[in-house]
Amino acid sequence: MKNKIIAVTTIVFAITGTSIFASQSNSVNNNTTDQVTDAQKSLIKSTFDNIEASRSLNQSLLVQSDSKNANLVVNGKGVQISDEDYNFYKENVKLIQQLNNQQSAGTQLNSLVANTSSTDNADLLNQLLADQLAVKYAKDNGISVTSAEVQQVIDHERSVLYNPDVQGDNKALVQEIMANRIRITGLSEEQFWKSSEIQTQYSKLIYLNKLYEKLMSEGKIKDSSDFDKFKTDLLATEKNDYKVNENYVK
């Protein structure tokens with residue numbers, strides 16, 4: 001797998017942070033100024049505490065519901081977005097924006113800024129659904145991802161994230177996000193990286209990366225902006241095939 005994972009919005013939370021870091025920090029340097037402030041630590045912890053509380057509430061409500069689809073925000077042809085997925089995405093978009101506001105201009109999480117400029121519920125849901133539809137499009141058009149490929153990317157991400165010889169402007173910040181991401185799962189670090197949830201999330205990331213490369217090779221897109229437009233057009237074409245819980249877009 002080529003080490004140029006694109007900044008997709010499906011996994012904007014800690015997983016995307018790791019992927020972005022890995023793709024931008026492939027050199028060894030002596031930068032030792034990368035530190036996380038107390039304000040940043042507090043903000044990150046608060047965000048993941050909120051996510052954990054919301055997840056617990058959603059699971060409780062789902063147990064009480066008669067419908068197995070009660071927690072779905074979007075449901076349709078091969079694509080489902082749960083309340084948990086949507087809330088996780090929304091909270092982390094907000095987190096990244098707040099962190100960017102605290103960062104200096106030169107050290108912002110720049111690759112996420114464009115894709116997370118809006119916190120409007122409808123816009124966030126459209127971003128999430130567009131990526132899900134792109135993954136489905138990739139599968140429908142012959143793109144496949146093996147478990148070995150997924151594991152290779154995960155192993156690479158972990159090695160970059162925890163390798164003290166590899167530095168980057170936001171490495172400590174990403175590590176703090178990941179520590180809190182792991183904390184709320186109740187899993188050990190090893191269990192977390194081997195979990196089915198992480199395997200699925202990285203699989204989606206690789207599907208999107210392969211689709212990006214396929215469209216580039218076919219001359220259908222020239223850059224990431226074109227890829228964003230491709231996904232937007234895909235959303236416009238297929239959105240009516242999916243039932244959206246309107247309570248989440250108000």
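**Legends to the close-up views**

**Close-up A. The side chains of Lys-231 and Asp-228 form a salt bridge, with 3.8 Å from N to O.** A salt bridge here is a side-chain nitrogen of Lys or Arg within 4 Å of a carboxyl oxygen of Asp or Glu. The structure is a predicted model, in which local features need pLDDT of at least 70 and side-chain atom pairs count only at pLDDT 80 or more, whereas totals for chains, interfaces and linings use all residues. Residues are numbered from 1 along each chain as its sequence is written, and side-chain values use heavy atoms, with hydrogens and water left out. Both partners belong to helix α10 (residues 224-238), where they are three residues apart, about one turn of the helix; helices (H or I, at least four residues) and strands (E, at least two) are DSSP runs numbered from the N terminus. Lys-231 is buried, with a relative accessible area of 6%, whereas Asp-228 is partly exposed at 28%. These classes are set as buried under 20% relative accessible area, exposed over 50% and partly exposed in between (1.4 Å probe, protein chains only). Elsewhere, salt bridges that share partners link Arg-158, Glu-189, Glu-190 and Lys-194 into one network, and a search of the whole structure finds 16 salt bridges.

**Close-up B. Lys-136 and Asp-140 are joined through their side chains by a salt bridge of 2.9 Å, N to O.** The two residues are four residues apart in helix α5 (residues 121-140), and are therefore separated by about one helical turn. Lys-136 is partly exposed, with a relative accessible area of 22%, and Asp-140 is exposed, with a value of 54%. Gly-78 itself is found in the loop between β1 (72-76) and β2 (79-82), and is exposed, with a relative accessible area of 73%.

**Close-up C. A salt bridge of 2.8 Å, N to O, connects the side chains of Glu-149 and Lys-210.** Glu-149 lies in helix α6 (residues 147-162) and Lys-210 in helix α9 (residues 196-217), so this pair ties together parts that are 61 residues apart in sequence. Glu-149 counts as buried, at 19% relative accessibility.

**Close-up D. Helices α6 and α9 pack at an angle of about 100°, with their axes 9 Å apart.** The two helices are therefore roughly perpendicular to each other. The contact is made by Glu-149, Val-150, Gln-151, Val-153, Ile-154 and Glu-157 of α6, together with Ile-198, Gln-199, Tyr-202, Ser-203, Ile-206 and Lys-210 of α9. By class, these residues comprise six nonpolar, three polar and three charged. Axes are lines fitted to C-alpha atoms, for helices over the stretch in contact, and angles run from 0 to 180 degrees between N-to-C directions. Angles under 35 degrees count as roughly parallel, over 145 as roughly antiparallel, 65 to 115 as roughly perpendicular and the rest as oblique. Contact means heavy atoms within 4.5 Å; Ala, Val, Leu, Ile, Met, Phe, Trp, Tyr, Cys and Pro count as nonpolar, Asp, Glu, Lys and Arg as charged, and the others, Gly among them, as polar.

**Close-up E. The axes of α9 and α10 come within 11 Å and cross at roughly 105°.** On the α9 side the contact is made by Leu-208, Leu-211, Tyr-212 and Leu-215, and on the α10 side by Ser-224, Phe-227 and Phe-230. The contact of α9 with α10 divides into six nonpolar residues, one polar and no charged. Also in helix α10 is Ala-236, which is exposed, with a relative accessible area of 62%. The C-alpha atoms of Ala-236 and Ala-130 are separated by 8.9 Å, the two residues being 106 residues apart along the chain.

**Close-up F. Thr-47, placed in helix α2 (residues 38-64), counts as buried at 5% relative accessibility.** Leaving aside residues up to four places away in sequence, Thr-47 touches Glu-91 and Leu-95. For orientation, the protein chain has 10 helices and three strands, and 46% of its 250 residues count as buried.
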